[in-house]
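Dear colleague,

My notes on charged side chains follow it.

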Amino acid sequence: MSFRRGVVRQSKFRHVFAQAWKAEHCLDDVRVSRVTWDGPLCAANPKFIAVVIEAGGGGAFLVLPLAKSGRVDQNTPTVCGHAAPVLDVQWCPHDDNVIASASEDCTVKIWQIPDGGLTSPMSEAAVTLEGHSKRVGILAWHPSALNILSTAGCDNVLCVWDVGTGELVYQLSDAHPDLIYSVSWNREGSVLCTTCKDKALRVIDPRRGTVLKMREKVHEGTRPMRAVFLADGKILTTGFSRMSERQLALWDTRDLSEPVATQEMDTSNGVLLPFYDPDTNMVYLCGKGDCTIRYYEVTDESPYVHFLSLYSSKEPQRGAGFLNKRGVDVNKCEIARFYKLHERKVEPISMTVPRKSDLFQGDLYPDTAGLEPALLAEDWIAGQDAPPVLVSLSGGYTAPPSKCSTLQGRPKVLSQSNTSPTGTTEPPNPMTVEMESEGLGHGRGGGDVDGGIERVKKEEDQLSDILTEIRALRALALAQGHRIDVLERQLARIEDGEV
């Protein structure tokens, strides 16, 4: 089924218009990376924007406060801990100060950015994830479980990590025969969809280590494909036809035999990067090397994917960052914002719905995913699923301060402040409360009291380390148990002659 343009229908997003910000609000003198990798090279949240940049003798990316504009000094501190070029960066959905980076040095690193941005170069990562044998170019945070991160590399391996413990909890090494192009979680984070150089679309259950669905030759062309899960469970893919025309297709995961809808667009050779907004059900297509950004609305009515409009400019884009919904300006009816990467400039582009009223437009801003995770990592590993916890944007969103000044200890833990393993708030340590209530501390009781406080702190640190080790071992045991189940099923099939 082909999409039809020009069909009059009722939609509050029919008149969305895109507008680039004025020159004084852009970031200038940003040496955007020239790496040959079809990724966005940029990520933005309500606090910061991160841009992968050129760096001699290693890999680096800039992290700047979102409100920053104007010229970026060449001496601006960067995150520079990778030994080879950075290929992807993604902000954690549950902590606006935590960012993951993937690199050609085969590692993934997790960084804790202080409020206000960097004051000196950051070379020591809070967590380093080592499990890939070739360069890593794809990162995808779990939408609702704290600290769960999926990565894919040029070794054709898909990994799922608990970055709180640094553990590799699941590894799928034989699901893809060739290079993985994209990875996307569904809304609840129960399954992933991937695209691969073999032209196949796969729906994968990472906890069971199985491919649930597969559709070969989703797009006939040889150029890279992309896929993204939509809120209703459908999958939208971009790719190329046999005649090298760029295509867009919509798939129902219940039946992948034929697409729900498809469309050929043009013959440009830039890979189309899809950016999806689950709140408005809009998809933005940004092609690397293009001068345009197309946007569509996905509905349950034929032809299912409705072309809205396109933003066009004179300068081609080398990448683009899509701002987290919590960061948009609700007072101006801004429903999305891109950060377009030029050769030496970052240009914000706002997508706005024209409205005359100055009141909060609730129909444009349904509750959106907030910082609070629905699950802890161990809950998800144990088999639980849950959609993201939603927050209201009424009155605008204010980003809270950093949860912790650093990612702590060994194993490296991304901890929520005073949060127990069950997700409840822990009471303060009674010994600490007693000392504080009696006024005991430095200068109030002499060296014996100081020594006692130091001993208490040391014991608390040791207890925290032990609990962390126990959680890490539990997660590892669960992962190995799932792996044993998979191997036993494979062995049973072999014994039954099915393989």
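R246 has a relative accessibility of 1% in this predicted model, and because buried means under 20%, this arginine counts as buried. Its partner is D266: the two residues form a salt bridge in which the closest N and O atoms are 2.8 Å apart. R246 belongs to strand β22 (residues 246-251), whereas D266 sits in the loop between β23 (261-264) and β24 (272-277), so the contact ties together parts that are 20 residues apart in sequence.

D266 also meets the side chain of R294 in a salt bridge, at 2.7 Å from N to O. This second pair links distant parts of the chain, 28 residues apart, with R294 placed in strand β26 (residues 292-298). R294 counts as buried because its relative accessibility is 10%. Together with D290, the residues R246, D266 and R294 are linked in a network of salt bridges.

A search of the whole structure finds 18 salt bridges. Another of them joins the side chains of E334 and R337, with an N to O distance of 2.9 Å. Both E334 and R337 are buried.

E460 counts as partly exposed because its relative accessibility is 31%.

Yours sincerely

Note on methods. Residues numbered from 1 in each chain as written. Predicted model: local features only at pLDDT ≥ 70, side-chain atom pairs only at ≥ 80, totals over all residues. Heavy atoms only, no water. Buried < 20%, exposed > 50% of the residue type's maximum accessible area, 1.4 Å probe, protein only. Salt bridge = Lys/Arg side-chain N within 4 Å of Asp/Glu carboxyl O. Helix = DSSP H or I, 4+ residues; strand = E, 2+ residues; numbered from the N terminus.
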